[in-house]
Structures are given as C-alpha cells and as structure tokens.
Amino acid sequence: MRIHLQPKQDTLYSLLTTTGKESATIIGFGGAKGGGKSAGSDNCALLLAAELGNQYPGLQITIIRRVFNDLKSNHIDKIFEAHPELRDRYTDKDGLKLHNGSRIVFAYAETAGDVERKFRGGFESPFIFVDEAQQFTERELQDMEMAARWTQTSKGLPPGFCKLVLLFNPGGKSSEYLKRIFWTKSYRGKERPTSYAFLHVFGWDNYEWFRGQVEIEETDFYDLDSDARFQLFVTETSEGRKYDAFPDAIRSGYLLGNFDSFEGQYFAGAWDEQLCTLTKAQIEAIVKPWWVRWMAQDWGFGDHASHGWYVSGKLSPSEWVQHFGGTTDYAMDVVIRYREHVIANRPEADMATDVVAMTPQHERREIKRFFMSQDGFGQRAKQMGGHTVGEQWTRIMRRYEMPSPETADQNRVMGWRFMYNLLRQANLRGTNISEERAKQGPAFFVSQECPEAIAAIPAAQRDPDDPDDVERVAGALWEDVTDEIRYGLHSYLNPQSKAPRDIRAKELYDSIQMPDPADQMTARALAMAKFKQQESGIKRVQRMPRWR
C-alpha cells in the first residue's frame, strides 16, 4: 500500500503523530473548497493505521460525516478506488481492518440525537476525523471530542496521543466556534491555546486540480510560492476559474477560505465590521444627553443569555458628516448597541443584579423600555414559587428605578429584514446620501466594546428551508446574541410597536434642541400641539366657500 501526502497533508500527519503535554489535540484542517481535505484525512487515517497500528495493537481511527451517502461516496469508495487491494478487508460492521489488526471505522450522525447516542458514553477512538465539521453544532463537536480517547490499550499512551481533526469550510452551524478556536484564537475559560492547531488550506494547495491541465510536474509545482500557485489556479485550471467567477460573497469562502465572508451569510452585503462598528470614544462624541435608551434580552439559562443596551437619536446633516464623512443634506437617525452582557448558567436574580451594576446610576432613569424574549414569561420560566423570569426581573428592576421587562416582538422574518436594513444604512458612512436613502431607516452601529455581537452578526446563516429567516442552531452563541439584537431593534423601532403615549411625547419633546431658548420653547410647543392632535385623531375640517 503506497500512500502519498501533499505538503499540507504531510504537516497534518506530523501534528497527528506529535505527542506531549503541549501538543495540539484539536486540529483544524480547513478553508477553501478543493484543498484536499477529504483525501488528506483518508490518507492520514491509512498511514496511522499502518504505522501506529504496529506499535499499538487494536488501534482504531474513525471518520465521520453527517449523512451516510456522503460518507460512502467521499471516503469509503475513494479509498477503494485508490487502494482496490483493501476492498476485501472491509465490512459494514467492522469497517476497514488492516493486516496488523488496526481498523478504520466509518460513522455518520444525521441528528443531534444520533451524535449523542453514538459518541457519548462508551465510544472510544484515539483518532477521530470529522469531515464537513461545519455541518455539526459546537455541542456535537464537543461530544465527538470527548470520544477521542482510548482506555483499552495495554501499552498505555503518551500525553497528547488522542486527536480530534475537524475538516471544514467557512460557514455552517459551527462557524462561530470554528472561527473562534482556529482563526481569531479567542479562547474561553479553561481552553488552552496549545491544545489547538490550524492548517489553512486552499485549492491551489492541491496538485490534483493541475494534473493534466497545466504543464508542470508535481515537484516543480510545490517549489512555487503560494501566490504563483494561486495565479495558475485561477487562470489555468477549470476549477479555479469557476471559483474565481462566483459572486464576491461565495468567491470569498469557496476560493479564499475567508472566515468573515462566505456563502449563506444572512447579513452579507449589510454587515461590514469597518463600517458598522464604533469605538467608545466615537460613541461618546456622537450620543447626546437627550437621546433615548432602552434594553433587550434573549433569556436563557442552559443556553446563553444575551443582554444589550441601546441608544438612538437624530444627527443633523453637519453632525453626520462630522462623525461619518461623506455628504448629506438630510438629518439621519442613528441607533447604537453600546454595551452587552452575555453569560450562561447565570441565575435570573444574579443576572438582573449584574445588569443593574453595569448600568451607571445616572443612566438608569434614562432607560425607557426593556424587551425580553417571550420564553421569559412562559410556563417553562416559572421558578421560585411560580414566578416567571420576567416577574423576577420586574421586582429587581423596580427597586433601582429601571423599566420592567415586556415581551419582545416575536416576528422573526420581519425582525431580521428590519435589522438587515439598519445595518445596510450604516454602510452610508463616507458616501453621498440621497433624500430617498436617508428616509429608509436609521443606521445601526455596534460598539467595539461588544465583541460577542461583532462575532455573532456575520455568523448568522440563512435557513435553507426559508431563506428569509435565520437558521436556528441549538446551543449556538451567535443565535442567542442575534436574537437579542433583533428584539432590541424591531421591538422598539418598528413603527407598529409604539411606545406608550407619554414616553413618545417626552421623546419628541426632548429631541427638539435649538441654540435660542425662545425658539426652542416655541418649536416644542408647536410640536406637542401637533402630537396631541395626531394622537386624539382630530382632524381640522376646512370650511368650503359658499358660492352664490
């Protein structure tokens, strides 16, 4: 059995066979399409079985896909095409058993229940390869990580022997998790940086796309630097030209393996971190004392609870240009999410106390409303003698003169579209703004002090069954955070979700600011008279002239 590894596949194998307390045990092998991920996992699995199997009798390597058809066509059949001599050593029950007693097991898990049933409990495999790992949730991948172990060997194992390999493209259900541990390296809790290693792979790392299409030998090909191979890929190979011609959002993921822009992103074309975020200093310069503040929360205990603080107001044309550049002759509405508190397994009373403590005392009375997800008021949330989570929050909020929670707007599709449009308005920074575009809604910005929101928004995926909705992914942090943002924006700003009359009257009154006190008083009086007339439904009737 002759096995050939390409350079990055060879590096992967080196990581797999490295042991020690500081060796990586969770290895990412991902990026662009066509990078040789599936073939690399098959070849590394065969080498592990053939080489380490001699040293560790009974060694088992497991290759996992979401569905069986993909497992068979992309792994089982491919191995036998390359090594037909191994076909007689395969059975559906035992997998592929080599001459030294080691074996490769092929597994699939279509649902979260399948993952729990197959990989929790007693399942053991010192090497686990999860292909298309982005199709699994973070929780499912962690279940598989727990199964990467081996207690049955009589020889004992050196530290760092067992490995989990995640092969993936950007996007998918676990996109935020994969980006966090392999790309931004934003480790949490007791996660150890040395436990993780990442190899970023591209189509131009895979010589198979060039074989027969470009007159260059494999050894000469890998002597070229990455930039030269990229140019050959997009100009001389059919696969490279295909990826290069895709729209930017798809090209970025398929061709470049970009973690920030990929196929299926819900807010593609609206979210741009450079345009949609503000520094703390910028926010302090923009926000006026009379701007309106409110809060929103996606309640959760087992999952994450996400709480956000919002502020909104109007900028004159000159103020907009001062802060955001470009040109405009029209006033612009601005909304800012300026603070966040995201936490899991935090009792409701403790989290309410957190929110109070995180809200400066002078700011507490300025917060007008507080929107909470509907499940915070349901039967599932009843605790402490029958009180719902919302009722528990109410008691604490009232003690500190802060608003009680009310049920947030639950319309998912309209809420997502509303949020998309507000982010799209933030893209007006530095542009020439027309009257029509200025009227298309507020511009929504996120403080750079809100890292969870900045990570969550680009991670939101379209629901494949309903492209107008965001896919629901149980346990995904990004889903909890984006739900909270949707509640905060659509519940307060949606014209159909009006605040109480006295609050709207005060917001209108406070929004009128003029240099001259007399002019300001006159403008406020006129505005309040008009407001009262509109609210009462009284319309002036113009008397028609009497003709003789």
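The second largest pocket draws at least two lining residues from each of α2 (37-55), α3 (68-82) and α9 (238-244). This is a predicted model, where local features need pLDDT of at least 70, side-chain atom pairs count only at pLDDT 80 or more, and totals for chains, interfaces and linings use all residues. Residues are numbered from 1 along each chain as its sequence is written, and side-chain values use heavy atoms, with hydrogens and water left out. Helices (H or I, at least four residues) and strands (E, at least two) are DSSP runs numbered from the N terminus.

**The second largest pocket**
- A pocket is an open set of points on a 1 Å grid over the protein atoms alone, with protein on both sides within 12 Å along at least five of seven lines, and its lining residues have an atom within 4 Å of a point.
- This one holds about 820 Å³ of space, a volume being the space filled by probe spheres set on the points, which are joined across faces, edges and corners.
- Among its 32 lining residues, Gly36, Ser38, Ala39, Asn206 and Glu208 are the closest to the centre.
- Helix α2 gives the most to this lining, with six residues.
- The lining has seven nonpolar, 12 polar and 13 charged residues; Ala, Val, Leu, Ile, Met, Phe, Trp, Tyr, Cys and Pro count as nonpolar, Asp, Glu, Lys and Arg as charged, and the others, Gly among them, as polar.

**Cavities**
- A cavity is a set of grid points where a 1.4 Å probe fits but cannot get out, and there are two of 30 Å³ or more.
- The largest cavity has a volume of about 60 Å³.
- Of the 13 residues lining the largest cavity, Glu138, Lys173, Ser174, Ala476 and Leu477 lie nearest its centre.
- Helices α5, α6 (175-184) and α20 (477-493) each give two or more residues to that lining.
- Around the second largest cavity, of about 30 Å³, sit Glu138, Glu176, Tyr177, Arg180, Arg188 and Leu477.

**Helices α4 and α5**
- Helix α4 (residues 112-119) packs against helix α5 (residues 138-147) at an angle of about 10 degrees, with the axes 10 Å apart.
- The two therefore count as roughly parallel, a label for angles under 35 degrees.
- Ala112, Val115 and Phe119 in α4 meet Glu140, Asp143, Met144 and Ala147 in α5, where contact means heavy atoms within 4.5 Å.

**Asp409**
- You will find Asp409 in the loop between β15 (405-407) and α17 (412-426).
- Asp409 counts as buried because its relative accessibility is 18%, and buried means under 20% relative accessible area with a 1.4 Å probe and protein chains only.

How values were computed
Axes fitted to C-alpha atoms, helices over the stretch in contact; angles between N-to-C directions. Parallel < 35°, antiparallel > 145°, perpendicular 65-115°, else oblique. Buried < 20%, exposed > 50% of the residue type's maximum accessible area, 1.4 Å probe, protein only.
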